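Trainee: I have not worked with this structure before. Could you take me through it step by step?
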Amino acid sequence: MKHLAIIIFASLLVLGCGASKELEKPKSSGNILKEYEDRFRPSDYDMDPKVFLSELRREKEKKSIPSEPAVSDPPLPTPGFRVQMLATTDIDEANGKKAEAEAAFAGEWFYIAFDAPTYKIRAGNFLVRDDADMYAKFLQENGFPDAWVVPEKVIRNIQPRPDPQREVPRQ
(Lines give C-alpha, C1' and ligand atoms only; values in the text may rest on other atoms or scores of the structure.)
Protein backbone atom coordinates (compact mmCIF):
# COMPACT_ATOMS: atom_id res chain seq x y z
CA MET A 1 0.00 0.00 0.00
CA LYS A 2 2.77 2.28 0.89
CA HIS A 3 4.48 1.55 -2.41
CA LEU A 4 1.27 2.18 -4.31
CA ALA A 5 0.87 5.62 -2.72
CA ILE A 6 4.45 6.52 -3.64
CA ILE A 7 3.91 5.37 -7.24
CA ILE A 8 0.67 7.38 -7.53
CA PHE A 9 2.31 10.44 -6.01
CA ALA A 10 5.32 10.17 -8.34
CA SER A 11 3.11 9.75 -11.40
CA LEU A 12 0.99 12.76 -10.43
CA LEU A 13 4.15 14.75 -9.92
CA VAL A 14 5.47 13.81 -13.36
CA LEU A 15 2.13 14.48 -15.04
CA GLY A 16 1.75 17.79 -13.20
CA CYS A 17 5.16 19.01 -14.28
CA GLY A 18 4.63 17.93 -17.85
CA ALA A 19 1.37 19.86 -18.17
CA SER A 20 2.80 23.19 -16.97
CA LYS A 21 4.15 25.79 -19.34
CA GLU A 22 7.82 25.89 -20.00
CA LEU A 23 9.45 28.65 -17.98
CA GLU A 24 10.43 31.68 -19.99
CA LYS A 25 14.10 32.32 -20.28
CA PRO A 26 15.23 35.72 -19.03
CA LYS A 27 15.72 38.18 -21.86
CA SER A 28 19.28 38.98 -22.66
CA SER A 29 20.34 42.57 -23.16
CA GLY A 30 20.77 41.87 -26.87
CA ASN A 31 17.14 40.75 -27.15
CA ILE A 32 15.87 43.77 -25.23
CA LEU A 33 17.89 46.12 -27.42
CA LYS A 34 16.66 44.40 -30.57
CA GLU A 35 13.03 44.74 -29.45
CA TYR A 36 13.57 48.44 -28.63
CA GLU A 37 15.22 49.11 -31.98
CA ASP A 38 12.34 47.41 -33.79
CA ARG A 39 9.78 49.66 -32.03
CA PHE A 40 11.86 52.90 -32.20
CA ARG A 41 10.62 55.57 -34.59
CA PRO A 42 12.89 58.65 -34.85
CA SER A 43 10.05 60.71 -36.27
CA ASP A 44 8.37 60.57 -32.85
CA TYR A 45 11.19 62.82 -31.58
CA ASP A 46 11.21 65.36 -34.40
CA MET A 47 10.48 68.87 -33.22
CA ASP A 48 9.89 72.02 -35.15
CA PRO A 49 13.10 74.12 -34.86
CA LYS A 50 11.10 77.22 -33.88
CA VAL A 51 9.44 75.34 -31.02
CA PHE A 52 12.79 73.90 -29.94
CA LEU A 53 14.45 77.35 -29.90
CA SER A 54 11.58 78.94 -27.98
CA GLU A 55 11.75 76.16 -25.36
CA LEU A 56 15.51 76.57 -25.17
CA ARG A 57 15.14 80.33 -24.58
CA ARG A 58 12.49 79.71 -21.93
CA GLU A 59 14.81 77.29 -20.09
CA LYS A 60 17.68 79.76 -20.33
CA GLU A 61 15.51 82.53 -18.86
CA LYS A 62 14.54 80.29 -15.93
CA LYS A 63 18.21 79.65 -15.15
CA SER A 64 19.37 83.26 -15.50
CA ILE A 65 20.11 85.21 -12.35
CA PRO A 66 17.72 88.17 -12.06
CA SER A 67 20.37 90.48 -10.56
CA GLU A 68 22.47 90.37 -13.75
CA PRO A 69 21.72 93.23 -16.13
CA ALA A 70 20.60 92.12 -19.56
CA VAL A 71 22.85 93.01 -22.47
CA SER A 72 21.45 92.98 -25.98
CA ASP A 73 24.71 91.91 -27.63
CA PRO A 74 27.16 89.30 -26.38
CA PRO A 75 30.70 90.38 -25.44
CA LEU A 76 32.80 90.37 -28.61
CA PRO A 77 36.51 90.95 -29.26
CA THR A 78 37.09 94.00 -31.41
CA PRO A 79 39.98 96.38 -32.20
CA GLY A 80 40.35 99.02 -29.52
CA PHE A 81 42.67 100.37 -26.85
CA ARG A 82 43.87 99.56 -23.36
CA VAL A 83 46.02 101.51 -20.95
CA GLN A 84 49.30 99.83 -20.05
CA MET A 85 50.19 100.58 -16.46
CA LEU A 86 53.30 98.48 -15.83
CA ALA A 87 55.76 96.18 -17.58
CA THR A 88 57.86 93.78 -15.51
CA THR A 89 59.61 90.42 -15.76
CA ASP A 90 58.44 89.37 -12.27
CA ILE A 91 55.07 87.58 -12.26
CA ASP A 92 54.59 88.18 -8.53
CA GLU A 93 55.08 91.92 -8.96
CA ALA A 94 52.61 91.92 -11.88
CA ASN A 95 49.97 90.03 -9.88
CA GLY A 96 50.48 92.34 -6.88
CA LYS A 97 50.11 95.53 -8.95
CA LYS A 98 47.05 94.10 -10.70
CA ALA A 99 45.43 93.32 -7.34
CA GLU A 100 46.36 96.80 -6.08
CA ALA A 101 44.80 98.41 -9.16
CA GLU A 102 41.62 96.31 -8.89
CA ALA A 103 41.23 97.37 -5.27
CA ALA A 104 41.88 101.05 -6.03
CA PHE A 105 39.78 101.31 -9.19
CA ALA A 106 36.69 99.14 -8.70
CA GLY A 107 34.53 98.69 -11.75
CA GLU A 108 37.36 98.60 -14.31
CA TRP A 109 38.79 95.46 -15.89
CA PHE A 110 42.53 94.76 -15.55
CA TYR A 111 44.50 92.22 -17.54
CA ILE A 112 47.97 90.70 -17.49
CA ALA A 113 49.44 90.23 -20.97
CA PHE A 114 52.53 88.06 -21.30
CA ASP A 115 55.02 88.88 -24.05
CA ALA A 116 58.09 86.82 -23.15
CA PRO A 117 59.83 87.70 -20.87
CA THR A 118 57.63 90.66 -19.90
CA TYR A 119 54.34 90.74 -18.00
CA LYS A 120 52.25 93.80 -18.86
CA ILE A 121 49.36 95.07 -16.78
CA ARG A 122 46.69 96.68 -18.91
CA ALA A 123 43.38 98.29 -18.04
CA GLY A 124 40.10 98.87 -19.80
CA ASN A 125 38.22 98.00 -22.95
CA PHE A 126 38.16 101.29 -24.83
CA LEU A 127 36.75 101.51 -28.36
CA VAL A 128 37.77 105.15 -28.79
CA ARG A 129 41.34 106.45 -28.36
CA ASP A 130 40.19 109.63 -26.57
CA ASP A 131 38.52 107.58 -23.81
CA ALA A 132 41.72 105.56 -23.35
CA ASP A 133 43.80 108.79 -23.24
CA MET A 134 41.56 110.22 -20.52
CA TYR A 135 41.84 107.03 -18.46
CA ALA A 136 45.64 107.00 -18.91
CA LYS A 137 45.78 110.56 -17.60
CA PHE A 138 43.58 109.55 -14.66
CA LEU A 139 45.91 106.63 -13.82
CA GLN A 140 48.99 108.86 -14.11
CA GLU A 141 47.46 111.22 -11.57
CA ASN A 142 46.57 108.33 -9.23
CA GLY A 143 49.77 106.40 -8.69
CA PHE A 144 50.71 104.94 -12.09
CA PRO A 145 52.94 107.58 -13.72
CA ASP A 146 54.05 105.25 -16.55
CA ALA A 147 50.50 104.61 -17.87
CA TRP A 148 50.16 104.92 -21.65
CA VAL A 149 47.69 103.84 -24.34
CA VAL A 150 48.27 100.74 -26.47
CA PRO A 151 46.17 99.37 -29.34
CA GLU A 152 44.81 95.90 -28.59
CA LYS A 153 41.81 93.67 -29.16
CA VAL A 154 39.28 94.58 -26.48
CA ILE A 155 35.94 93.15 -25.42
CA ARG A 156 32.95 95.10 -26.62
CA ASN A 157 29.72 95.04 -24.55
CA ILE A 158 31.42 93.67 -21.43
CA GLN A 159 29.65 93.93 -18.10
CA PRO A 160 31.17 96.22 -15.47
CA ARG A 161 33.51 94.39 -13.11
CA PRO A 162 31.60 93.42 -9.96
CA ASP A 163 32.60 95.34 -6.85
CA PRO A 164 33.63 92.76 -4.21
CA GLN A 165 32.62 95.14 -1.40
CA ARG A 166 29.04 95.33 -2.68
CA GLU A 167 28.57 91.62 -3.27
CA VAL A 168 26.17 89.92 -0.93
CA PRO A 169 27.52 86.64 0.47
CA ARG A 170 25.62 83.61 -0.83
CA GLN A 171 23.94 81.41 1.72
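Trainee: What share of the residues of the protein chain count as buried?

Mentor: Of its 171 residues, 19% count as buried. Buried means under 20% relative accessible area, exposed means over 50%, and partly exposed lies in between, with a 1.4 Å probe and protein chains only. Please note that this is a predicted model, in which local features need pLDDT of at least 70 and side-chain atom pairs count only at pLDDT 80 or more, while totals for chains, interfaces and linings use all residues. Residues are numbered from 1 along each chain as its sequence is written, and side-chain values use heavy atoms, leaving out hydrogens and water.

Trainee: How many helices and strands are there?

Mentor: The protein chain has 5 helices and 4 strands. Both are DSSP runs numbered from the N terminus: helices are H or I with at least four residues, strands are E with at least two. Starting at the N terminus, the order is α-α-α-β-α-β-β-α-β.

Trainee: How many aromatic pairs does a search of the whole structure find?

Mentor: The search finds 6 aromatic pairs. Rings of Phe, Tyr and Trp (its six-membered ring) pair if their centres lie within 6.5 Å; planes under 30 degrees apart count as stacked, over 60 as edge-to-face, and the rest as tilted. One of the pairs joins F114 and Y119, tilted at 40° between the planes and 4.6 Å centre to centre.

Trainee: Are F114 and Y119 buried or exposed?

Mentor: F114 is exposed, because its relative accessible area is 52%. Y119 has 19% relative accessibility, so Y119 counts as buried. Another tilted pair is formed by Y135 and F138, with 5.7 Å between centres and 35° between planes.

Trainee: Where do Y135 and F138 sit?

Mentor: Both are in helix α5 (residues 129-141); they are 3 residues apart, so about one helical turn separates them. Y135 is buried, with a relative accessible area of 13%, whereas F138 is partly exposed at 35%.

Trainee: Which residues do ring pairs link into a cluster?

Mentor: The cluster consists of F105, F110, F126, Y135, F138 and F144.

Trainee: Changing topic, which residue lies over the face of Y111?

Mentor: That is R82, at 3.8 Å from the ring centre. A charge sits over a ring if NZ of Lys or CZ of Arg is within 6 Å of the ring centre and within 35 degrees of the ring normal.

Trainee: And where is A99 found?

Mentor: A99 belongs to helix α4 (residues 91-104). A99 counts as partly exposed because its relative accessibility is 42%. Its C-alpha atom is 8.8 Å from that of F110, 11 residues away along the chain.
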